[in-house]
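Visitor: Please show me the sequence and the model. I would like to go through the charged side chains.

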Amino acid sequence: MTFLLISCEGPVGPPGLPGIPGEDGTNGILGQVIEAQVDFDKNNGYEFFVDIPSDIEVFDSDIIMAYILVDVDNNVDIWEPLPQTLFFGNDILLYGYDHTMFDVRFFMDGTVDFGALDPYYTDGIIFRIAIIPADYAKSIDVNKFETVMKALQIENIKRIN
């Protein structure tokens, strides 16, 4: 049995239409980061909503990650992904979040008495929200905020307060 492969090459077709500017990934926006400073108290039910600004478009396929500033070492911010759990003897405090395409809700949960917590744990907590296109989330470690910033080439962080 003999197989014969033949290939043909015809004339080059006309060029396609130009693409949308910035959609080649080299000068378009790959993702966004929003920063919010939050106070948790009895009046807000130990939860806080951050509206995603209307100039930031969030798609159903986007990944929304949230990070909490846990420390600063030699002028370098240390960020941890949420949820974060702290232990107080037999009690726990959890910082968590959930989201829609329009807002992110930060909340406290756990067995600790929130009203008895030192203001360090309730006032002026700084969170960052990263809106990551799904295609990029597959190839980066979203648990490391610095990796997200570098991969998405984020230069400006939108601060909300």
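Guide: A salt bridge here is a side-chain nitrogen of Lys or Arg within 4 Å of a carboxyl oxygen of Asp or Glu. This is a predicted model, where local features need pLDDT of at least 70, side-chain atom pairs count only at pLDDT 80 or more, and totals for chains, interfaces and linings use all residues. Residues are numbered from 1 along each chain as its sequence is written, and side-chain values use heavy atoms, with hydrogens and water left out.

Visitor: How many salt bridges does a search of the whole structure find?

Guide: One of them joins Arg105 and Asp98, at 2.7 Å from N to O. The search of the whole structure gives a total of four.

Visitor: Which residues are linked with Glu35 in a network of salt bridges?

Guide: Arg128 pairs with Glu35, their closest N and O atoms being 2.6 Å apart. Arg159 also meets Glu35 in a salt bridge, at 3.3 Å. The network therefore links Glu35 with Arg128 and Arg159.

Visitor: Is Arg159 buried or exposed?

Guide: Buried means under 20% relative accessible area, exposed over 50%, and partly exposed in between (1.4 Å probe, protein chains only). Glu35 is buried at 13%, and Arg128 is buried at 8%. Arg159 has 56% relative accessibility, so Arg159 counts as exposed.

Visitor: Which side chain of opposite charge is nearest to Asp103?

Guide: Lys and Arg count as positive and Asp and Glu as negative, while His and the chain ends are not counted. Asp103 is buried and has no salt bridge. At 7.7 Å, the nearest side chain of opposite charge is Arg105.

Notes: Helix = DSSP H or I, 4+ residues; strand = E, 2+ residues; numbered from the N terminus.
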